[in-house]
Amino acid sequence: FHWRGYKRRKQGIGDCMKKNIITITGFPGSGKSSTAKEVARVLGYKHFSSGDWYRAKAAERGISVEEMNFTAEKEKEIDTEIDQMLVKVGKEENDLVIDSRTAFHWIPASFKIFLDLDLRTAAERTFANIRKEGRNSQKGSSVDEIYNNTLARRESERKRYWDLYKIDYSDKRQFDLIIDTATHDLDQVTQIVLREYKKWLDVRA
């Protein structure tokens, strides 16, 4: 993992404005949702997942997450609805863990985490989860198919968020903490997050 140095945060948010909110971003398959749920459980915080919201919307339409991404490129209201929700949550809530591509941008006073993972490992993990648990909103009959779908999804998301807000969520310079989940399991990632979050809260100008 990499500590970015909390006193040099790009947004320039003063320590007195910090909120007890953790925002977790990362590539598809990097473990955002499972990490966020476990961190929230340990801290006793609430948890919100824009990925769960997105999958539910895809299921309502009877399409996959990948298809939903391409639909969102044309129907801008899909992204604006969830982003407006994130802005509202950031203003009104506290003691919260959010896994979302863009929450770090809408809630700059949060502790911002990026979970990194190479595309091949992400595809292998996603395929294993589909075979084990099933996921109606995500398709893939092989690792290679998942790999290609995930690559297309990454590019679709980067294009959408850049076109809408000039956000590139893959630019790791925007985050307080970066963790490679290929080399750390869920328990290790959770412990790193908890330790560095406490340090971040303890830092004062």
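Does aspartate 171 count as buried or exposed? Select aspartate 171: at 19% relative accessibility, the residue counts as buried, because the cut-off for buried is under 20%. Keep in mind throughout that this is a predicted model.

**Stop 1**

Arginine 173 forms a salt bridge with aspartate 171, and the closest N and O atoms are 2.9 Å apart. Now compare the exposure of the two partners. Arginine 173 counts as exposed, at 59% relative accessibility, whereas aspartate 171 counts as buried.

**Stop 2: a network around Arg153**

Next, select Arg101, Arg153 and Glu157. Salt bridges that share partners join these residues into one network. Zoom in on arginine 153 and glutamate 157. Their closest N and O atoms are 3.4 Å apart, in a salt bridge. Both residues lie in helix H7, four residues apart, about one turn of the helix. Arginine 153 is buried, with a relative accessible area of 12%. Glutamate 157 also counts as buried, at 4% relative accessibility.

**Stop 3: from H7 to H4**

Follow helix H7 (residues 143-165) to arginine 160. Arginine 160 forms a salt bridge with aspartate 79, the closest N and O atoms being 2.8 Å apart. Aspartate 79 lies in helix H4, so the pair ties together parts that are 81 residues apart in sequence. Arginine 160 counts as buried at 2% relative accessibility, and aspartate 79 is buried with a relative accessible area of 1%. Across the structure there are 16 salt bridges.

**Stop 4: H2 against H4**

Stay on H4 (residues 77-92) and show helix H2 (residues 50-61). The two axes come within 11 Å and cross at roughly 145°. The crossing is right-handed. On the H2 side, select Ser50, Trp53, Tyr54, Lys57 and Arg61. They meet Ile78, Asp79, Glu81, Ile82 and Met85 in H4. By class, this contact has five nonpolar, one polar and four charged residues.

**Stop 5: the nonpolar cores**

Which residues touch the most other members of the largest nonpolar core? Select Ile22, Val97, Ile113 and Val193: these are the ones, in a core of 18 residues. Then colour the elements that give two or more residues to this core: strand E2 (21-26), helix H1 (32-43), strand E5 (111-116), strand E6 (177-180) and helix H8 (186-202). H8 gives the largest share, six residues.

Centre the view on valine 97. Leaving aside neighbours within four places in sequence, valine 97 is in contact with Ile22, Ile24, Ala36, Val39, Ala40, Tyr45, Lys46, His47 and Phe48. Phe48 belongs to another core, of 16 residues, which lies apart from the largest one. Its members also include Trp53, Ala103 and Ile107.

**Stop 6: two positive phi values**

Finish in the loops. Aspartate 95 lies in the loop between H4 and strand E4 (96-99). Its phi is positive, about 50°, although aspartate 95 is not a glycine. At 33% relative accessibility, aspartate 95 counts as partly exposed.

Move on to lysine 166, in the loop between H7 and E6. Phi of lysine 166 is near 60°, again a positive value in a residue other than glycine. Lysine 166 is exposed, with a relative accessible area of 53%.

How values were computed:
Residues numbered from 1 in each chain as written. Predicted model: local features only at pLDDT ≥ 70, side-chain atom pairs only at ≥ 80, totals over all residues. Heavy atoms only, no water. Axes fitted to C-alpha atoms, helices over the stretch in contact; angles between N-to-C directions. Left-handed = near helix turned anticlockwise from the far one by under 90°. Contact = heavy atoms within 4.5 Å. Nonpolar A, V, L, I, M, F, W, Y, C, P; charged D, E, K, R; others polar. Salt bridge = Lys/Arg side-chain N within 4 Å of Asp/Glu carboxyl O. Buried < 20%, exposed > 50% of the residue type's maximum accessible area, 1.4 Å probe, protein only. Core = buried A, V, L, I, M, F, W, Y, C linked by side-chain atoms within 4.5 Å.
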